[in-house]
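Subject: Structure handover and findings

Hello,

Here is the structure I promised to pass on. Please open it alongside this note, which goes through what turned up.

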Amino acid sequence: MRLFQNSCFYPSYLPRLNQLAAKAVSFEERCRVFLNDRFGAMHFLKPVLDGSPEAFFTNGDDEVLQRRWAREQGMSGEPTLEAILLAQIEHHATEVFYNLDPVRYPSAFVAKLPGCVKKTLCWRGAPSGNADFTAYGAVLANFPSMLDMWRRKGCRAEVFYPAHDPVMDEYGHGERPIDVLFVGGYSRHHRERAKTLERVARLADSHDVVFCLDASRLTKLAESAIGRLLPLRNHRRPDAIAAIARPPVFGRALYELIGSSKIALNGSIDMAGEDRGNMRCFESMGCGALLVSDAGRYIDGMQAGTTIETYDTPEQAAEVISQNLQDWPRSAEIAALGRARIRDIYHKDMQWELFGKIVGRL
């Protein structure tokens with residue numbers, strides 16, 4: 001199978017990538033630096049991570065990376081990122097195209113693919129407005145409600161999962177000085193998560209609580225000395241959160257931080273419904289922290305009271321965290337079992353085998 005996997009990353013990750021890849025001068029070198037940092041690695045298929053000659057990987061939204069490939073291949077002028085991606089697919093003689101960025105490259109892009117491409121799949125685990133993915137052979141997701149939504153929109157949808165990144169096994173075997181860690185987005189539009197974060201942030205008076213939040217430029221301005229004189233109150237985070245907020249972390253830096261934390265807090269955003277088991281759950285458990293997350297319908301291996309702990313309300317989240325810190329030896333056993341369960345169930349061989357079965361059915 002000649003596999004082409006296209007990915008993407010958060011804009012706030014770009015400064016870290018540029019720093020890590022400062023000495024990388026070719027497409028291959030920059031791509032290697034990115035893959036080594038493990039950002040999004042749970043979604044990357046085994047042949048990509050193994051460096052299989054039949055697999056091609058790129059980030060179609062990384063303009064530096066893509067324009068390097070275009071120059072190396074002698075493409076003239078200033079081609080669009082879409083034109084570069086199409087040229088890469090044709091150059092690779094791709095048979096199976098797997099896209100992690102379908103909002104940027106929807107059905108209209110699929111219609112332009114060269115004839116060598118026989119099967120097309122994309123991953124999308126979130127609502128996407130009016131984006132059209134019906135031209136893809138299948139839309140993959142691990143939330144039943146998302147699968148149902150894509151089917152109602154006329155797509156073929158198949159259940160698929162992130163997989164444990166084996167590099168996670170390198171982290172989290174020493175002391176865990178951080179009591180509670182949260183890494184993710186904060187927005188008042190995510191009402192339940194915002195309430196939970198504000199309540200848990202108050203534990204910082206007696207515990208080491210770390211929040212790594214991706215703040216917008218408007219939020220940063222609103223919380224500055226000048227911004228506090230402007231009518232930007234709605235964009236400021238509560239004082240308890242702002243007092244402990246740090247910049248976002250990604251890749252191996254995230255693995256290291258989780259591996260230094262006893263408890264990793266997770267809270268689904270409002271659109272998730274009852275489905276649970278997002279990327280942060282895999283990362284937290286994979287690096288050995290105790291996952292404390294909101295109650296809901298979890299995937300196999302994530303079982304409340306056995307491999308994770310759950311809460312129903314923001315107030316209960318703080319209580320559950322406090323109780324587990326007080327009885328840390330027991331909590332550490334739950335975390336260790338959770339780590340083993342995720343590694344055993346959602347490993348890369350399983351993911352690749354499942355992907356092959358889905359491709360075979362298309």
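**Helix H7**

Four residues of helix H7 (residues 144-152) are buried: Met 146, Leu 147, Met 149 and Trp 150. They sit on the same side of H7, because the arc they cover around the axis is only 160°. Their packing partners are strand E5 (138-141) and E6. Just past the end of H7 comes Gly 154, with a positive phi of about 95°. Bear in mind throughout that this is a predicted model.

**Helix H5 and what follows**

H5 has its own set of buried residues: Leu 81, Ile 84, Leu 85, Leu 86, Gln 88, Ile 89 and His 92. What covers them?

The length of H5 checks out.

After H5 comes Ala 93, where phi is positive, near 60°. Ala 93 is not a glycine. It belongs to the loop between H5 and strand E3 (96-99). Ala 93 counts as partly exposed because its relative accessibility is 34%.

Arg 38 is another case to look at. Its phi is positive, about 75°, and it is not a glycine either. For background, most residues other than glycine have a negative phi. Arg 38 lies in the loop between helix H2 (27-37) and H3. Is Arg 38 buried or exposed? At 12% relative accessibility, Arg 38 counts as buried.

**Met 75**

Met 75 is in the loop that runs between helix H4 (63-72) and helix H5 (81-92). Its relative accessibility is 27%, so Met 75 counts as partly exposed. Which residues does Met 75 touch, neighbours within four places in sequence aside? The contacts are Trp 69, Ala 70, Ala 83, Ile 84 and Ala 87. Of these, Ile 84 is also one of the buried residues of H5. Ala 87 is twelve residues from Met 75 along the chain, and their C-alpha atoms are separated by 9.1 Å.

**Salt bridges**

The count comes to 22 salt bridges. Side chains of opposite charge can pair when their charged atoms come close. Some examples follow.

- Asp 50 and Lys 46 are joined by a salt bridge, at 2.7 Å from N to O. Both residues lie in helix H3 (residues 46-50), four residues apart, about one turn of the helix. In an α-helix there are 3.6 residues a turn, so residues three or four places apart point the same way. Lys 46 is partly exposed, with a relative accessible area of 26%. The pair also belongs to a network of salt bridges that links Lys 46, Asp 50 and Asp 349.
- Arg 156 and Glu 158 also meet through their side chains, with 3.0 Å from N to O. Arg 156 is partly exposed, at a relative accessible area of 36%. Glu 158 is buried, at 12%.
- Arg 252 forms a salt bridge with Glu 170, and the closest N and O atoms are 3.4 Å apart. Arg 252 lies in helix H11 (residues 251-259) and Glu 170 in the loop between strand E6 (157-159) and strand E7 (178-184), so the pair ties together parts that are 82 residues apart in sequence. Glu 170 is exposed, with a relative accessible area of 53%.

**Helix H15**

H15 covers residues 348-361. Its 14 residues should span 20 Å at 1.5 Å a residue, and the end C-alpha atoms are 20 Å apart, which agrees. Which residues of H15 are buried? They are Lys 348, Met 350, Gln 351, Leu 354, Phe 355, Ile 358 and Val 359.

**A nonpolar patch on the surface**

Ile 226, Leu 229 and Leu 230 make a nonpolar surface patch of about 350 Å². Ile 226 lies in the loop between helix H9 (217-222) and helix H10 (239-242). Ile 226 counts as exposed because its relative accessibility is 61%.

Best wishes

Note on methods: Residues numbered from 1 in each chain as written. Predicted model: local features only at pLDDT ≥ 70, side-chain atom pairs only at ≥ 80, totals over all residues. Heavy atoms only, no water. Helix = DSSP H or I, 4+ residues; strand = E, 2+ residues; numbered from the N terminus. Expected span 1.5 Å × (residues − 1). Buried < 20%, exposed > 50% of the residue type's maximum accessible area, 1.4 Å probe, protein only. Patch = residues over 30% accessible without salt bridge, like charges linked within 9 Å, V, L, I, M, F, W, Y side chains within 5 Å. Areas by Shrake-Rupley, 256 points an atom, 1.4 Å probe, with all protein chains shown as cover. Salt bridge = Lys/Arg side-chain N within 4 Å of Asp/Glu carboxyl O. Contact = heavy atoms within 4.5 Å. Arc of directions from axis to C-beta.
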